[in-house]
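Biologist: I am new to reading protein models. Can we go through this one by question and answer?

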Amino acid sequence: MEIVLLKSSICLLAFIAFYKVFLERTSNHQFKRIYLLGVVLVSITIPFITFIEYIEPQKALTNISEVTGFSENQNPITKEPTNYLPIILWSIYGLGVLLFLIRFVYNLSQIALKIRRNPKQKTNDFIRVLLKDLIIPHTFFNYIFFNKTKYENNEIPKEVLLHEQTHAKQKHSLDILFIEVLQIIFWFHPLVYILKKDIKLNHEFLADQAVINKGIESTNYQKILLSFSSNQQALTLEHAINYSSIKKRFTVMKTQTSKQTFWLRSLLLLPLLAILIFSFSTKKQVEKEAETKSQISNEAINNSEDLEIRITKDLKIFINDRPTSLENLQNTLHEFHNHLTFNEKQKLVLVEIKLEDNIEMGFFTDVKEQLRASGYLKLNITPRNYTTQKQDKATPKQLAEYNKLAKKYNNQPEDKRFIERKEVEKLEYIYSLMTEKQKTEAEPFPNFPSPPPAPKVKKGEVSNIPPPPPPIPGDATEEERAEYERIHEEYHQKYEIKNGHVSERMIPPPPPPKSPLDHVVEMAKKDANFYFEGKKITSDKAIEIIKSDNDLSISTQTKGLKKPLVNITTHPVITDDKGKVITKVETLEEIKSNVEKDKHGYLYINGDTFFYTIKNKQITYFNRYGKKVNEKGELLN
């Protein structure tokens with residue numbers, strides 16, 4: 001274990017060093033993201049790669065004392081003292097894993113509490129969590145955390161918003177969770193901490209690149225980063241702007257690596273990977289075994305496609321002269337021809353069963369059932385000079401077994417009987433042994449329905465479509481019946497049966513989601529009413545607005561309206577306490593003329609959109625950040 005860990009550590013160190021020298025300051029950040037995660041798996045895998053070298057056998061030394069010069073009397077056996085060091089080291093390791101696991105769970109719970117206890121605004125695929133604490137913006141999955149006061153006062157630049165949205169869009173939190181779990185297992189390993197730092201820094205490179213690609217001036221963006229950077233301790237699971245990485249990020253922003261240079265550097269990975277595999281993989285030397293008589297015999301048996309099974313008078317079984325028993329028959333058969341498929345066993349393997357005189361038919365039937373269960377169906381039974389003993393009647397034990405099975409199937413409805421071939425063959429065999437009197441006194445022989453139609457295939461082909469599932473047993477419990485019904489439903493959803501032919505159903509792919517522009521165009525064709533920030537606009541204007549900014553919020557109402565109503569806003573869609581989207585826009589005069597009824601909605605004041613509520617004939621106005629204002633839109637104390 002220690003050797004494997006050491007080899008993996010050296011491989012990981014080589015990969016990290018290669019990254020620092022050749023890749024870190026290049027501009028292909030997506031490749032670097034894959035590289036940093038992949039080298040962990042490659043470093044763990046390399047020590048387990050095994051190369052086997054076959055060498056000539058050396059002459060064995062039969063007398064150890066001749067080589068060592070010591071005899072048994074000169075080497076007394078002494079009791080070794082107990083070594084407590086491994087116990088101590090494993091205890092320390094286990095304690096470290098426990099502490100880091102507690103820390104990981106605690107950090108996750110703190111994020112969950114922040115999300116649950118603070119107000120949230122949903123915009124497209126992102127959820128903005130507004131905190132009272134004076135924090136720098138940071139991201140965890142699609143949750144972006146802002147200081148509530150700065151966010152509501154529009155003090156957070158759009159560049160910072162775009163930066164954090166990139167972390168959310170590209171799922172950088174998945175990488176962080178992966179490295180955090182790795183850190184729990186290898187908490188003692190310094191390279192894990194270096195790798196974690198590199199992964200987080202590369203996430204910042206990716207977010208910076210997304211902002212610059214939007215056409216934002218890099219100089220202004222760098223000034224914004226400096227103003228929003230922080231020297232506080234880095235967050236464990238979230239992404240935040242940190243001052244310690246600013247200088248390196250500014251350098252990488254200015255770097256534009258050509259494709260030719262990048263691929264030349266990447267190709268250097270191949271010799272590095274070859275050297276590491278050659279140096280740290282496992283090499284095993286195996287002596288070529290001398291072919292003994294028994295080995296040649298076993299090889300001949302395994303390579304043979306035919307089996308000879310001999311059953312002696314005392315009910316002993318021999319497979320190609322190798323002894324076995326009825327209980328171990330299937331395991332022994334598996335050792336023979338384990339390279340053959342079920343179909344190959346049917347087509348190629350000839351099983352010749354030789355019986356000595358007076359072999360009981362019941363034992364012989366059990367042997368046949370074991371053969372068929374293992375896939376050997378091509379049987380050549382009872383050749384010349386071998387006979388089986390015919391029973392005069394069924395034994396009491398066989399009658400009890402027959403009555404039990406027959407009663408089981410007779411209690412099931414004929415159209416829903418679940419048939420087990422092994423039990424049917426047992427029923428037929430015992431019934432053939434029974435006298436007429438025994439048949440009269442025993443349970444009636446059950447009638448079995450025809451098997452379900454099998455998939456049809458062309459000659460020479462093998463079907464990959466499974467046969468239909470069996471009918472539901474009559475004595476099935478409610479849980480079993482529900483499971484059978486689920487299996488039937490899933491089968492018939494995937495396959496259809498027509499005239500005995502089973503074929504796969506063609507399931508059309510789901511339609512792709514409509515883009516905001518397509519949705520607006522579709523609503524325009526339906527003569528919908530369009531509003532932008534509470535002001536009514538034409539359909540052409542709505543299409544023009546969406547073309548210029550694809551990140552706007554769109555809500556559509558059709559219920560109870562003659563024409564669809566489409567509301568386009570730059571802020572999140574607001575819903576009432578029942579989840580209904582609030583889109584109605586009224587004037588001050590309309591609101592004041594109808595204060596008898598409690599209601600809420602939007603109103604339009606001096607070119608801006610505001611929210612209002614009427615409760616007990618009292619009108620209250622709010623801006624889009626939830627602050628109270630007067631009729632002119634001015635903030636109230």
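Biologist: Is Ile88 buried, partly exposed or exposed?

Modeller: This is a predicted model, where local features need pLDDT of at least 70, side-chain atom pairs count only at pLDDT 80 or more, and totals for chains, interfaces and linings use all residues. Residues are numbered from 1 along each chain as its sequence is written, and side-chain values use heavy atoms, with hydrogens and water left out. Buried means under 20% relative accessible area, exposed over 50%, and partly exposed in between (1.4 Å probe, protein chains only). Ile88 has 48% relative accessibility, so Ile88 counts as partly exposed.

Biologist: In which helix does Ile88 lie?

Modeller: Helices are DSSP runs (H or I, at least four residues) and strands are too (E, at least two), numbered from the N terminus. Residues 85-117 make up the helix with Ile88, and that is H4.

Biologist: Where does His189 lie, and is His189 buried or exposed?

Modeller: His189 sits in the loop between helix H7 (172-185) and helix H8 (190-213). The relative accessible area of His189 is 10%, so His189 is buried.

Biologist: Which residues is His189 in contact with, leaving aside neighbours within four places in sequence?

Modeller: Contact means heavy atoms within 4.5 Å. With those neighbours set aside, the contacts of His189 are Leu5 and Ser9.

Biologist: How many aromatic pairs does a search of the whole structure find?

Modeller: Rings of Phe, Tyr and Trp (its six-membered ring) pair if their centres lie within 6.5 Å. Planes under 30 degrees apart count as stacked, over 60 as edge-to-face and the rest as tilted. The number of aromatic pairs found in the whole structure is 17.

Biologist: How many residues apart are Tyr93 and Trp187?

Modeller: Tyr93 and Trp187 form a stacked pair, 6.5 Å centre to centre with 25° between the planes. Tyr93 is in helix H4, and Trp187 is in the loop between H7 and H8. The pair links distant parts of the chain, and the separation is 94 residues.

Biologist: Which parts does the pair of Phe100 and Trp187 tie together?

Modeller: Phe100 and Trp187 are stacked too, at 6.2 Å centre to centre and 20° between the planes. Both Phe100 and Trp187 are buried. The two residues are 87 apart in sequence, so their pair ties together helix H4 and the loop between H7 and H8.

Biologist: Which residue in E3 stands opposite Thr123?

Modeller: Strands pair if DSSP finds at least two bridges between them. E2 (residues 120-123) and E3 (residues 126-131) run antiparallel, joined by four bridges. Opposite Thr123 stands Phe126.
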